[in-house]
Amino acid sequence: MLEVPDVDALTGAALAHIKADEFMPDEERGHAEAAVREDESEALAYLVDPTDLVADIPGVELAQASWSSEPVEYDPESMEWDLDEEDGDSDEETDNA
């Protein structure tokens, strides 16, 4: 999970990255800029190379990568955000096993 506290900064960085890409055709550049302005996940996709994320992991070869995003409200009191729990197991269930 990734929290983006400044969407404008993310979008601006992606637009600058697209503008600086000397190998991108003008038609593709216009499409890329429009996509980045509409969707934060597109902005992130232009800044992060999925291959770089897994290149140094032995035995891993990237076959395909895709991005999606969904705005959510973070509620630290909600059980959905309890990152210490695994797959809904509670401490009681683990202690009694």
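**View A. Burial and surface of the predicted chain.** Of the 97 residues in the chain, 16% are buried (buried means under 20% relative accessible area, exposed over 50%, partly exposed in between; 1.4 Å probe, protein chains only). The structure is a predicted model, in which local features need pLDDT of at least 70 and side-chain atom pairs count only at pLDDT 80 or more, whereas totals for chains, interfaces and linings use all residues. Residues are numbered from 1 along each chain as its sequence is written, and side-chain values use heavy atoms, with hydrogens and water left out.

**View B. Helical organisation of the chain.** The chain contains five helices and zero strands (DSSP runs numbered from the N terminus: helices are H or I of at least four residues, strands are E of at least two). Along the sequence, the elements follow the pattern α-α-α-α-α. Among contacts in the chain with a separation of 6 or more, 39% join residues 24 or more positions apart; a contact means heavy atoms within 4.5 Å.

**View C. Confidence along the chain.** The mean pLDDT of the chain is 83, and 80% of the residues reach 70 or more (pLDDT is the predictor's confidence in each residue, from 0 to 100). Confidence is highest in helix 1, at a mean of 96, and lowest in helix 5 (residues 91-96), at a mean of 49. Over residues 89-94 the pLDDT is below 50, and this stretch has four contacts in the model beyond near neighbours in sequence.

**View D. The largest nonpolar core.** Eight residues form this core: L10, A14, L15, I18, M24, A32, V36 and A43. Helix 1 and helix 2 (26-38) are the elements that each give two or more residues to the core. The largest share, four residues, comes from helix 1. A nonpolar core is a set of buried Ala, Val, Leu, Ile, Met, Phe, Trp, Tyr and Cys residues joined through side-chain atoms within 4.5 Å. M24, one of the core residues, is in contact with I18, R29, A32 and Y46 when neighbours within four places in sequence are left aside.

**View E. The salt bridge between R29 and D26.** The side chains of R29 and D26 meet in a salt bridge, with an N to O distance of 3.8 Å. The criterion is a side-chain nitrogen of Lys or Arg within 4 Å of a carboxyl oxygen of Asp or Glu, and by this rule the count comes to one salt bridge. Both partners belong to helix 2, where R29 and D26 are three residues apart, about one turn of the helix. R29 is buried, at 15% relative accessibility, whereas D26 is exposed, at 66%. Not counting residues up to four places away in sequence, R29 touches I18, K19, D21 and M24.

**View F. A nonpolar surface patch at L2, V4 and V7.** These three residues make a patch of about 220 Å². Patches are made of residues with over 30% relative accessible area and no salt bridge, with like charges joined within 9 Å and nonpolar side chains (Val, Leu, Ile, Met, Phe, Trp, Tyr) within 5 Å. V4 lies in the segment before helix 1 (7-20) and is partly exposed, with a relative accessible area of 31%. V7 is found in helix 1 and is likewise partly exposed, at 30% relative accessibility. The C-alpha atoms of V7 and A43 are separated by 9.2 Å, although these residues are 36 residues apart along the chain.

View G. V72 lies in the loop that runs between helix 4 (50-54) and helix 5. V72 counts as partly exposed, at 49% relative accessibility. The C-alpha atoms of V72 and E3 are 9.7 Å apart, with a separation of 69 residues along the chain. A65 also lies in the loop between helix 4 and helix 5 and is partly exposed, at 43% relative accessibility. For A65 and A45, 20 residues apart along the chain, the C-alpha separation is 9.7 Å.

Key. Accessible areas come from the Shrake-Rupley method with a 1.4 Å probe; for residues, only the protein chains shown count as cover.
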